[in-house]
Amino acid sequence: MTKRILITGKNSYVGNQLADWLNKEPEKYTVVKESVRDGKWKEIDFSVFDVVVHVAGIAHQDTKKNQEELYYKINTDLTIDIATKAKVEGVKQFIFMSSMIVYGASSEIGESKVITKETKPDPVNFYGNSKLLAENGILPLQSEGFDIAILRPPMIYGKYSKGNYPILAKFAKISPIFPDIDNRRSMLHIDNLTELIRLIILNKEKGIFFPQNREYVKTSEMVKTIAKVNGKKMKLVKFLNPLLSKYGKKFNVVNKVFGSLSYEKKLSIYKSNYHIVNLEKSIEITELDETERVL
């Protein structure tokens, strides 16, 4: 029987990629995308859907003080309102795209930050707090017949993605050198994420999930791989490390790139394999056109 799925966030990167992923099996999934930024979503008949995947929200922006109210309105209040409507109108499953940001910022350069099952959320800004409050607001709606699944992904990347990855990729294509700083980050390629969401839908899951790629990422090695895939040579150097360590104490953006932030591996294990691409293959998929890839 075909599952009818509503994806909120008509123009979101994750929403569009998930729709494309599920549409590969039209005999199993019927996908509808809707914008929920205005009040028109309230007129949508949710009762015709089996699953609502809520990916709409504000992300990839600097948390400026004058935007605080908007973050809570969109990331928190809207999420709770949509989940409530879904439950009232008979939707069977609600999937919410939260974020690893609920655990706070990356470590400073040279330090380690590993999130385990025992780690408590500790957001450092209202972006992270707005996501955490949304989680806390929808979890009480969980009941028999209405399953809630929450995903806390790390940095998501893939072809046409936003955020830090395209900045690093641009740098990799023009610079012959890059700082060789030892760090460890959890990251998630979009194909691995959409496959996990498909499995969560298929298996009618509930609970909190911590997806990541199978491999951890060292930023310098990732940038070097991006350069290699694009036919560029890059040398990793250490002479910039002291300067970056100094700036990392003043500017959090430096720690976002060179600091450490990872999930313990066992936290991300799922009963079915969702790691359909490894790190090197994911970079190749992201950087190259179909005709340029090595089969």
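This is a predicted model: local features need pLDDT of at least 70, side-chain atom pairs count only at pLDDT 80 or more; totals for chains, interfaces and linings use all residues.
Local features here need pLDDT of at least 70, side-chain atom pairs count only at pLDDT 80 or more, and totals for chains, interfaces and linings use all residues. Residues are numbered from 1 along each chain as its sequence is written, and side-chain values use heavy atoms, leaving out hydrogens and water.

**Salt bridges**

The structure holds nine salt bridges, each a side-chain nitrogen of Lys or Arg within 4 Å of a carboxyl oxygen of Asp or Glu. Here are three of them:

| Pair | N to O distance |
|---|---|
| Glu-287 and Lys-173 | 3.2 Å |
| Asp-180 and Lys-238 | 3.5 Å |
| Glu-195 and Arg-198 | 2.8 Å |

Glu-287 in helix H9 and Lys-173 in helix H4 are 114 residues apart, so their bridge links distant parts of the chain. Helices (H or I, at least four residues) and strands (E, at least two) are DSSP runs, numbered from the N terminus. Glu-287 is buried at 12% relative accessibility, while Lys-173 is partly exposed at 37%. Buried means under 20% relative accessible area, exposed over 50%, and partly exposed in between (1.4 Å probe, protein chains only).

Asp-180 is buried at 13%, whereas Lys-238 is exposed at 55%.

Glu-195 and Arg-198 sit three residues apart in helix H5, about one helical turn. Glu-195 is buried at 9%, and Arg-198 is buried at 14%.

**Nonpolar patch**

Leu-243, Tyr-247, Phe-251 and Val-253 make a nonpolar surface patch of about 380 Å². Patch residues have over 30% relative accessible area and no salt bridge; like charges are joined within 9 Å, nonpolar side chains (Val, Leu, Ile, Met, Phe, Trp, Tyr) within 5 Å. Areas come from the Shrake-Rupley method with a 1.4 Å probe; for residues, only the protein chains shown count as cover. Tyr-247, in helix H7, is partly exposed at 38%.
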